Amino acid sequence: MIEKLEPLVNDNPTIVRWGRGMNETFMVELGSEQYLFKVSDGKLAVEKGPFVMRSWRFAIRAKAQCWEKFWQNPPAPGWHDLFALLRRGDVKFEGDQRVLMAYLLYIKLVLAAPRQA
Amino acid sequence: MKLEPIVGRYAHIGEQRVYFEEAGRGIPLVCLHTAGSDGRQYRAVLNDASITQHFRVITFDMPWHGKSSPPAGWEKADYRLTTGAYTGIIMEFIREMGLERPVVMGCSIGGRIVLDLALKHARELRALIGLQSGAFVERYYDAAWLDHPEVHGGRACGAVAYGLMSPLSPEKERWETVWHYMQGGPGVFTGDLYFYQVEGDIRSRIGAIDTSICPLYLLTGEYDYSASPRDTEAVAARVKGAKMTVMKGLGHFPMSEDPEAFLGYLRPVLEEIRRA
C-alpha cells in the first residue's frame, strides 16, 4: 500500500494544500517495516527502510494488521481515523508532538490515502 | 433566492450576550452544540418542516462559542467549562426565554450534560435526547495542543473533528462541520474538553436518573470513537428506562455530518415525545 502512496498524495491538490508550508521528515512503521516520509511543501517522497541512525521529527507506529484494517475502504467503525487507533491503543506517537499536531489534518489525509488505491 | 425559515437574535442572559436561532412553533426543543462548535450544527433540524410544524426548535451558542460573546475579562484567564456552569447557563436560558417544559437535545458534551439535567431538573423538562452520550471519556490525547501558540488552533481543532466523523457521511456536510471547528476561538475547544475529559465525570451519579419523570433517549453514531456505542451502552445499562439506538453509518456529529440520515432517526423520537 505504501509503495503506491506518493502519487495518491502528490496528484491530489486537496491533500497537498493541507501540507503547504510543511518541510519535515517523519517515520511510519508497519510492525517491523520502516518508511521515512519526507514532506516538501506538501509534496511527499517515501523511502523504504530499514534505516540506521536516520533522523525524524516524529514517528507513528502500529502493527501491520492494524494498518490493513485502517486501509479498508470503507474502514470499519473504530478503524477509520488515526485518533481512532490512538483511542484503541493501537498506534503510538513518538518525537515532536507539536509538529504532528500542527500538521494533523495533512497527516490524517496522507495516511488514509491508500484507501483510494 | 431561497430564504430559510431560521431567525437569529441576541438575548441578554444575566451578564452574557447570547446568540440563538429558532424556527417553528409548538413544543420547545432546545438543541445543544458540541465542544468547540456552535448552533449551526443543527441547521437541518431547524430547516425540517416536518419537525418545525410541531416543535419550536431553538439552538443557542454557548458563551465563548459562535456569535455569543465571551464574558468581560475573558482575556485574563483560561476558559474552562464545568458541570455547574454548563447546567446553569442552559437552565437560565430556558427560564429567561420563558420556555415551558422544553425537550432538550445535546450532542457530545451536550449528550453528557443532558444526564446532569436528568438528575437535577427532570421535572422542568418534557424529555431529554442525548446524542453521542457517554458518562466519561478517559483522555487519549492531550487537548493542550489545540491551544498552543505554535499550533494553528483552527487547523488542529478541525483535524480532530474531521476524524470523529463517519467516512460514509457526505463530504460537503463533513467539511462544513470541520469549518465550524476551524472558526472557534483560541482555547475554547480545550476549555470544553476540560469538562468532557476531566471535571464532568458523571459515572457515579447516573444510576439515580428517573426516566419515569423525564424520558431519556440515547442516539449514538456507530463510527464515533470518542463517545462510542459501547460508552452509550454503559449509560443505558445503568439508567432504567433509557431508550438507546445505534445510528448506522454516522459518527460523532450526526446532525451536522449527515443531516438526512440523522433526521431519519430523530423524527420518530420526536413523534413519540409529542404523542406521550
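Helices (H or I, at least four residues) and strands (E, at least two) are DSSP runs, numbered from the N terminus. The model described here is predicted, so local features need pLDDT of at least 70 and side-chain atom pairs count only at pLDDT 80 or more, while totals for chains, interfaces and linings use all residues. Residues are numbered from 1 along each chain as its sequence is written, and chains are lettered from A and ligands numbered from 1 in the order in which they are written.

**Where chain A touches chain B**

- The contact draws 18 residues from chain A and 19 residues from chain B, where two residues are in contact if their C-beta atoms, placed from the backbone, lie within 7 Å.
- On the side of chain A that touches chain B, at least two residues each come from helix H4 (82-88), helix H5 (97-102) and helix H6 (104-112) of chain A, and the largest share, 5 residues, is supplied by H4(A).
- That side of chain A divides into 11 nonpolar, 3 polar and 4 charged residues, with Ala, Val, Leu, Ile, Met, Phe, Trp, Tyr, Cys and Pro counted as nonpolar, Asp, Glu, Lys and Arg as charged, and the others, Gly among them, as polar.

**A helix pair in chain B**

- Helix H3 (residues 83-96) and helix H4 (residues 109-120) of chain B pack at an angle of about 75 degrees, with their axes 10 Å apart; axes are lines fitted to C-alpha atoms, for helices over the stretch in contact, and angles run from 0 to 180 degrees between N-to-C directions.
- This angle makes H3(B) roughly perpendicular to H4(B), a term that covers 65 to 115 degrees.
- Thr83(B), Tyr86(B), Thr87(B) and Ile90(B) of H3(B) meet Ile113(B), Asp116(B), Leu117(B) and Lys120(B) of H4(B), and the residues of this contact divide into 4 nonpolar, 2 polar and 2 charged.

**Backbone features in loops**

- In the loop between strand E3 (43-48) and strand E4 (58-62) of chain A lies Pro50(A), which is joined to Gly49(A) by a cis peptide bond with omega of about 5 degrees.
- Met53(A) also has its place in the loop between E3 and E4 of chain A; its phi is near 55 degrees, a positive value in a residue other than glycine.
- Met53(A) is exposed, with 4 other C-beta atoms within 10 Å, given that a residue is exposed at 12 or fewer such atoms, buried at 20 or more, and partly exposed in between.
- The peptide bond from Asn73(A) to Pro74(A) is cis, with omega near -5 degrees, and Pro74(A) is found in the loop between helix H3 (64-70) and H4 of chain A.
- Ser108(B), in the loop between strand E5 (103-107) and H4 of chain B, has a positive phi of about 65 degrees although it is not a glycine, and Ser108(B) counts as buried, with 29 C-beta neighbours inside 10 Å.

Definitions and conventions: Angles under 35 degrees count as roughly parallel, over 145 as roughly antiparallel, 65 to 115 as roughly perpendicular and the rest as oblique.
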